[in-house]
Amino acid sequence: MSKWALLVVMVAGATSAQPYLRTRALSNSGASDLCVTWSVRKVTYRMDSAGSAKTPVEAEFTAIDNAFATWQTLARGCSDFEFIRGPRITDAKVGRGTDQDNVIIFREENCRDVVPLTDACQSDGSCGNTHKCWEHGDSTIALTTSTYSTRTGVVFDSDIEFNAGKSLDGTRFLFTTISSPPCAEGMETPFCTAYDIQNTATHEIGHLVGFDHVNGTTSTMAPTAPLADLQKRVIDPGTASGFCGTYPKGKPPVPCDELAQLKNRITARNTGTLGCSCDGVGVLWPWVSLVVLVRRRRRAAR
Ligand SMILES: [Zn+2]
């Protein structure tokens with residue numbers, strides 16, 4: 001069994017909206033015909049007990065529960081999928097094979113600020129877990145790591161990290177929980193909406209259940225989020241139809257719709273509005289898929 005990591009980063013807006021796109025499993029030869037899918041219908045999630053340092057008391061836990069509740073409400077209408085809140089965890093690890101902890105963690109420090117260059121974790125990509133730090137891109141708001149079988153696409157474990165660490169330019173994403181007023185750029189405080197936890201979590205749970213980014217800015221699974229984005233708190237109809245179609249009540253999960261996938265890819269290529277970097281890169285953990293939500297940058301005036 002070979003080891004692959006899939007990094008999907010999409011940028012730029014788009015004109016032709018896709019309803020949904022399922023995450024492809026990677027095999028030895030690249031993207032396979034399989035989609036990353038849960039075979040069980042009861043998925044337990046556990047929040048790291050440290051929570052977020054910047055949010056008041058229990059607000060971050062409530063926001064994440066609300067995001068799961070949104071998915072549960074959708075599931076109740078069409079599926080027997082259940083999201084179950086497990087006990088909080090004190091030493092949560094990301095991407096650890098078959099532990100099925102499905103943890104949610106706020107990374108408050110960037111690994112480059114806390115890990116010595118000589119640390120052994122630098123060579124095997126384990127710094128995030130050993131030093132509890134963010135070891136991914138500065139512009140990434142949050143990231144979901146799913147561990148799955150390359151033979152079947154079946155998910156064993158899916159973990160969500162929030163990037164609260166310091167960027168190279170000294171700024172951080174401020175994660176907030178209130179719905180108004182929107183923060184002004186560069187003036188983020190806990191008393192306005194900056195990077196909304198529920199908004200971010202609802203998007204990441206979409207990855208957890210097996211959905212990839214789509215080329216539209218109105219979807220829950222849009223690849224980018226501007227400051228004060230709340231739109232992703234609501235699951236859009238396309239993503240909802242994808243979920244209900246994938247996990248029908250009383251029936252096994254539905255395999256990928258190959259034609260729909262192909263059509264989506266061709267549409268994206270023809271319009272030229274979808275930037276997708278889908279490479280098998282390095283070895284981070286066995287069979288992991290990393291799907292990220294990035295900051296929507298302002299376009300430079302030209
Ligand atoms: Zn994403």
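In which direction, left-handed or right-handed, does α1 pass α5? In this model α1 passes α5 in a right-handed crossing, where right-handed means that the near helix is turned clockwise from the far one by less than a right angle, and left-handed means anticlockwise. The model is a predicted one, so local features need pLDDT of at least 70 and side-chain atom pairs count only at pLDDT 80 or more, while totals for chains, interfaces and linings use all residues. Numbering starts from 1 along each chain as its sequence is written, and side-chain values use heavy atoms, with hydrogens and water left out.

First, the overall picture. The protein has 7 helices and 13 strands, taken as DSSP runs (H or I over at least four residues for helices, E over at least two for strands) numbered from the N terminus. Of its 302 residues, 53% are buried, meaning under 20% relative accessible area with a 1.4 Å probe and protein chains only (exposed is over 50%, partly exposed in between). Among contacts (heavy atoms within 4.5 Å) with a separation of 6 or more, 71% join residues 24 or more positions apart.

Back to the helix pair. The axes of α1 and α5 are 8 Å apart and meet at an angle of about 45°; axes here are lines fitted to C-alpha atoms over the stretch in contact, with angles from 0 to 180 degrees between N-to-C directions. The two helices therefore count as oblique, the label for whatever is not roughly parallel (under 35 degrees), roughly antiparallel (over 145) or roughly perpendicular (65 to 115). On the α1 side the contact involves E60, A63, I64, N66, A67, F68, T70 and W71, and on the α5 side I197, Q198, A201, T202, I205 and G206.

Helix α1 (residues 59-78) also packs on α6 (residues 237-246), with axes coming within 10 Å and crossing at roughly 55°. That pair is oblique as well, and its crossing is right-handed. W71, L74, A75 and C78 of α1 meet T239, A240, F243 and C244 of α6. Within α6, the buried residues are G238, T239, A240, G242, F243 and T246, and what covers them includes α1 and β5 (82-85). At the start of α6, a side-chain oxygen of D236 comes within 3.1 Å of the backbone nitrogen of G238.

T202 sits in α5 and is buried, with a relative accessible area of 0%. Its side chain reaches the backbone oxygen of Q198 at 2.6 Å, a polar contact (N or O atoms within 3.5 Å, one able to donate a hydrogen and the other to accept it; residues adjacent in sequence count only if both atoms are side-chain atoms). Leaving out residues up to four places away in sequence, T202 touches A67, W71, T220, K232, R233 and I235.

A polar atom of the N199 side chain lies 2.7 Å from the backbone nitrogen of K232, and one lies 3.3 Å from the backbone nitrogen of R233. Beyond four places in sequence, N199 touches D229, L230, Q231, K232 and R233.
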